[in-house]
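Hi everyone, thanks for coming.

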Amino acid sequence: MNIVQCTFCKKPFASLGGRACPACLEQIDRDFITVRDYIYEHKHSNIDIIAKETEVSKQIIMHLLKEGRLIIDSPDGDGLLVCEMCKKPINTGRLCKDCMGKVASSMDKNVTANKKPEPKPEEPNIKGSAKIGT
Ligand SMILES: [Zn+2]
Ligand SMILES: [Zn+2]
């Protein structure tokens, strides 16, 4: 168990791997329901309005969006979230659909690559290293 600083209230706590303390996790769960219900009723809201109307901090809303628990229903996600690979605006999560596909296929490649025997380390270049001065 590690003592880490809670991302939300900045208090140290004993973490089992998460970045939020138990008190904040509970708060986030309550806020999640509030925000989810709000978005359900007000489909084309933006984060400023949601934060104001629900009294949930933007930081928590962003956290929920990045976790993929919330989806803001607008074509470009209001530019709040961008794909971590190609920087395209997305509605939820960390990667756009294209990049998720790329990551998935590159993981497939890695799996097959790992099955092959490892390439031998390259021979040192003797010609080059023997050349001293002119
Ligand atoms: Zn906390
Ligand atoms: Zn992308």
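We say that a charge sits over a ring if NZ of Lys or CZ of Arg is within 6 Å of the ring centre and within 35 degrees of the ring normal. Here, the charged end of Arg-69 does that over the ring of Phe-32, 4.6 Å from its centre.

A word on the source: this is a predicted model, where local features need pLDDT of at least 70 and side-chain atom pairs count only at pLDDT 80 or more. Residues are numbered from 1 along each chain as its sequence is written, and side-chain values use heavy atoms, with hydrogens and water left out.

Now to helix H3, residues 58-66. Helices are DSSP runs of H or I with at least four residues, strands are runs of E with at least two, and both are numbered from the N terminus. Which residues of H3 are buried? They are Ile-60, Ile-61, Leu-64 and Leu-65, where buried means under 20% relative accessible area with a 1.4 Å probe, protein chains only. These four lie on the same side of H3, because they cover an arc of only 140° around the axis, taking directions from the helix axis to the C-beta atoms. Just after H3, Gly-68 has a positive phi of about 80°.

Finally, Val-35. Leaving aside neighbours within four places in sequence, Val-35 is in contact with Ile-50, Thr-54, Val-56, Ile-61 and Leu-70; contact means heavy atoms within 4.5 Å. The buried residues of H3 pack against helix H1 (22-41), helix H2 (47-54) and strand S3 (81-82).

Conventions:
Chains are lettered from A and ligands numbered from 1 in the order in which they are written. Buried means under 20% relative accessible area, exposed over 50%, partly exposed in between (1.4 Å probe, protein chains only).
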